[in-house]
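Trainee: I am new to this one, and I would like to get to know it. Could you walk me through it with questions and answers?

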Amino acid sequence: MCGIVAYVGPRDAVPILTEGLARLEYRGYDSAGLAVLGRAGDLRVRKAKVRVGELAAGLPARFKGAPGIGHTRWATHGEPSDLNAHPHIAGTIAVVHNGIIENADELRAELAADGVVLSSETDSEVLPHLIARSGEAELEDAVREALSRVVGTYGIAVVDARHPGVLVVARNGSPVVLGIGEKEMFAASDVAALVRYTRQVVHLDDGELATVRADGFRTSTLDRRATRKEPSLIEAEEAAYDAEGYTHFMRKEIHEQPAAVERALRGRLDLRFHTAHLGGLNLDPREAREIRRVKILGCGSAYYAGQVGAQLIEELARIPADAEPASEFRYRNPVVEADTLYVAVSQSGETYDTLAAVQELKRKGGRVLGVVNAVGSAIARECDGGVYLHAGPEIAVASTKAYTSTAVVFALLALHLGRIHDLSPADGRRIAEGLRALPAQIEEILKQEDRIAELAREYAAYRSMLFVGRVRGRPVAREGAQKLKEVSYVHAEAYPASELKHGPLALVSPELPAVAVVPDDELLDKNLSTIGEIRARRGRVLTVGHRETGDDAIVVPKNEPELDPILLSIPLQLLAYHAAVALGHDVDKPRNLAKSVTVE
Ligand code: G6P
């Protein structure tokens, strides 16, 4: 959730680090810092509780050097402050760290008892001190020795003024990727920081360490076994990491959805047998027939997209399916069954709770598929098989295109499982055609942006909003409320429409409007009576559906009833986005949140 960038080579590292950090800022942004080795071999450090742009602007012209390391932080241990910002220093050594050191209290006490004065409240600060106290001559060995004392997760980058020209990086649970340049090398926690400089990258594995010099790198395990790494190419174009003229990444990503859905579908629909082909499932038809239950796990919007997925699988394949927050699942000593198919959902492929749930499942012999956007990420690698979203990089903290692509991939999975079970060819064709219609229908919805923005400005004036939906509309309501609260900070609560009269109806008044998700399906009448109940209490209702009902209405094109939830979410993304803009919030970097939550 924090960001790391590092450089070793002939150039001045500072502009490379600040540019890279700016691209990683979406991951965490409460403070930032840099350390470089100056020409005289001196360690130069600048860090502060500011955004990257401000840090860069405040650097004196003489602040230059290489190698260098940089960091943008999302606080876990110790509040955001100048002292708690990274890099952390001990003598000639500077370290930036992502992750959490679980035995930090113990290590801090041990260091303090030995007379070390710690200047921050962070867990990370123990690292430079442990490295500095190692008797090893080589920096790599000193880092290895320090890491042998550490329990927890880390991605780190280290420079030492006594070893100019060398950078040491290591990974355990928090990504580190090397970028290979021409007589220069880069390292980062995310390829987003590297695309501008190179497309050739090497992903470190957990428990791996690398010594990086301008002319190359050497990797090994923590227990000193040399490892061999094959470079791979970054898939996405550099432009995919830029806002490309949009004021915010969130808006850009909302508008990228027709293309993202197109990519999620590409090559996967079989129009002969009216099914879907998903190459990476590693599940033959006989094994697929033996599945008695599907359990979907994810966090945040990934979990809500999983709820849409569970509904689709149950409807189309008639296999009992449900979604659960990965963070809950992993802590409740779950019963893992051999005939259950587990599906882990994650845009980043890094979310710690989701990864831990997958690891718990694997330990108990469960079969896990990944529905993941980031190719080669930890969750993707840990699963037995899976389906990539191919949504392209998602930079805004609030998920939009990855959410929609996940729902589409679940529709493909449901179609695939359905056609192996009892879904008829006619129904298979109906769903396949519905899926093919989605990109153009999303375009239609996006054309209503001005009108939705107008509604958003009006509704942003309320302090709180209720979101209601029934069955297929329920995950849509939950994700709609999630989007609104994430970016506009307007309190939003989602409720099953049928449960309204069992509690939240007490809240309804002219001060509490409701967004009602009302598809034209077999539950339309029930939904209309819910709207009636709200309006009778003088609550204002904004409906999202296929006809004009309520006080205000957003009408979306009709697809097949099973696929309608995918379209119904799109206007709610625009509603949240424009409410946040109207309220003057930092839409792409909402307060207190981070894009990838790589801690528990
Ligand atoms: C964070 C983000 C959410 C995201 C969730 C899961 O909480 O702020 O937008 O939905 O993590 O992330 P993942 O990368 O696993 O999909």
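This is a predicted model: local features need pLDDT of at least 70, side-chain atom pairs count only at pLDDT 80 or more; totals for chains, interfaces and linings use all residues.

Trainee: How many residues surround the ligand, and which are the closest?
Mentor: A residue is near a molecule if one of its heavy atoms lies within 4 Å of it. The shell divides into 5 nonpolar, 7 polar and 2 charged residues; here Ala, Val, Leu, Ile, Met, Phe, Trp, Tyr, Cys and Pro count as nonpolar, Asp, Glu, Lys and Arg as charged, and the others, Gly among them, as polar. In total 14 residues surround the ligand, and the closest are Ser 346, Gln 347, Ser 348, Thr 351 and Val 397.

Trainee: How far is a backbone N or O atom of Gln 347 from an oxygen atom of the ligand?
Mentor: We look for polar contacts, meaning pairs of N or O atoms within 3.5 Å. Val 397 has a backbone N or O atom 3.0 Å from a ligand oxygen, and Ala 594 also has one at 3.0 Å. For the backbone N or O atom of Gln 347, the distance to a ligand oxygen is 2.7 Å.

Trainee: Which pocket is the space taken by the ligand?
Mentor: On a 1 Å grid over the protein atoms alone, a pocket is an open set of points with protein on both sides within 12 Å along at least five of seven lines, a cavity is a set where a 1.4 Å probe fits but cannot get out, and lining residues have an atom within 4 Å of a point. A molecule sits in one of these if more than half of its atoms lie within 2 Å of its grid points. The space taken by the ligand is the second largest pocket.

Trainee: Which element gives the most to the lining of the largest pocket?
Mentor: That pocket holds about 1,000 Å³ of space, a volume being the space filled by probe spheres set on the grid points. Its lining has 48 residues, with Val 191, Tyr 241, Asn 373, Ala 374 and Val 375 nearest the centre. Helices (H or I, at least four residues) and strands (E, at least two) are DSSP runs, and β11 (200-203), β15 (232-233) and α12 (378-382) each supply at least two lining residues. The most, 3 residues, comes from β11.

Trainee: What is the volume of the largest cavity?
Mentor: The whole structure has 3 cavities of 30 Å³ or more. The lining of the largest cavity divides into 4 nonpolar, 9 polar and 2 charged residues. Its volume is about 90 Å³.

Trainee: Is the peptide bond from His 86 to Pro 87 cis or trans?
Mentor: Pro 87 is in the loop between β4 (68-73) and β5 (88-90). Omega is near 0 degrees, and the bond is cis.

Note on methods:
Residues are numbered from 1 along each chain as its sequence is written. Side-chain values use heavy atoms; hydrogens and water are left out. A polar contact is a pair of N or O atoms within 3.5 Å; within protein, one must be able to donate a hydrogen and the other to accept it, and residues adjacent in sequence count only if both atoms are side-chain atoms.
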